[in-house]
Amino acid sequence: MLQDKVSVILALLSVSALATPVEKRQDFSTIHYPPGTGEDLPSYPPGTGENLPFYPPGTGENLPFYPGTSIPNPVFNFTSTYHVEATPEQVVNGTTPTGGLKGCHGIYDIGLISDINAICFSIKITGFRGEYQSAARTATHLHEAAKGQSGPPRVAFPNPEGDHEGERLSIGCLRGPFTTGLMMDGKDTGADFQVGQIEHEPEKFMVDIHSSLAVPGAVRGQLP
């Protein structure tokens, strides 16, 4: 049976060979490409090839920063940076401690570019449970609030994504004008906010995240 199959295959190959004219193969090793094309370029046009001076944001191996790591200042020429640890013990409702969401923990690395009103962030949350819940557009915020006090959100970060109770990440940059989706006195709480306000008095700002199991906040961290 196997011999019969081999015979059929050989026969088909023979027919194919007879049906296709045989031409002398060209020696491609001697081909010269027109200037600006081919594989033997001394250098590639800017923005192409393998010798890029840099890669588009979010691609390549030279990302400005990686999940769960601090944001390096030289990449974006930040005017200021902040590393904040968010814990359940810091959460308050008004001025009353709530205890937050036990077992939850957050790291917020924030970089500001105040001359263009931009904020970049790397947020890592672990031990989060429940659903994201907030009256604002997202449940992850930067609030204007002194230590031990509540205050309105000024920036709504994208909610971190990831494992149910494992590590969740949110990384990116936002540029004003900011909106939170939460209205106060007929005006969005992010309206007219400038990130330079943080640089002027960082201790009056905090970050947090809200859960259906801890609506006032799962964790909170005060900017240093």
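**Salt bridges and aromatic pairs in a predicted model**

Good morning. I begin with glutamate 201, which forms a salt bridge with lysine 204, the closest N and O atoms lying 3.2 Å apart. By salt bridge I mean a side-chain nitrogen of Lys or Arg within 4 Å of a carboxyl oxygen of Asp or Glu. Glutamate 201 is partly exposed, at 27% relative accessibility, and lysine 204 is likewise partly exposed, at 38%. On these terms, buried means under 20% relative accessible area, exposed means over 50%, and partly exposed is in between, with a 1.4 Å probe and protein chains only.

A word on the basis of these values. This is a predicted model, in which local features need pLDDT of at least 70 and side-chain atom pairs count only at pLDDT 80 or more, while totals for chains, interfaces and linings use all residues. Residues are numbered from 1 along each chain as its sequence is written, and side-chain values use heavy atoms, with hydrogens and water left out.

The structure holds four salt bridges. One of them joins glutamate 167 to lysine 124, with 3.9 Å between the closest N and O atoms. This pair links distant parts of the chain, 43 residues apart: glutamate 167 sits in the loop between β8 (161-162) and β9 (168-175), and lysine 124 in strand β5. Strands here are DSSP runs of E, at least two residues long, and helices are runs of H or I, at least four residues long, numbered from the N terminus. Glutamate 167 is partly exposed at 41% relative accessibility, and lysine 124 is partly exposed at 24%. Lysine 124 also lies 5.6 Å from glycine 106, C-alpha to C-alpha, although the two are 18 residues apart in sequence.

Another salt bridge brings together the side chains of lysine 187 and aspartate 192, at 2.5 Å from N to O. Here lysine 187 is partly exposed, at 42%, whereas aspartate 192 counts as exposed, at 56%.

I turn now to the aromatic residues. The structure holds four aromatic pairs. Rings of Phe, Tyr and Trp (its six-membered ring) pair if their centres lie within 6.5 Å; planes under 30 degrees apart are stacked, those over 60 are edge-to-face, and the rest are tilted. Why is the pair of phenylalanine 121 and phenylalanine 157 called tilted? Their ring centres are 4.9 Å apart and their planes stand at 55°, so the pair falls in that class. Phenylalanine 121 lies in strand β5 (residues 118-126) and phenylalanine 157 in strand β7 (residues 153-157), so the pair ties together parts 36 residues apart in sequence. Phenylalanine 121 is buried, with a relative accessible area of 1%, and phenylalanine 157 is buried at 0%.

Phenylalanine 193 and phenylalanine 205 also form a tilted pair, 5.9 Å centre to centre with 55° between the planes. Phenylalanine 193 is in the loop between β11 (187-188) and α3 (196-200), and phenylalanine 205 is in strand β12 (residues 205-211), twelve residues apart. Phenylalanine 193 is buried at 4%, as is phenylalanine 205 at 2%. Ring pairs link Phe178, Phe193 and Phe205 into a cluster.

Which residues does arginine 154 contact? Arginine 154 is found in strand β7. Leaving aside neighbours within four places in sequence, its contacts (heavy atoms within 4.5 Å) include Phe178, Phe193 and Phe205, and also Thr189. The side chain of arginine 154 reaches the backbone oxygen of threonine 189 at 2.8 Å. Thank you.

Key:
Polar contact = N/O pair within 3.5 Å; in protein donor to acceptor, adjacent residues only side chain to side chain.
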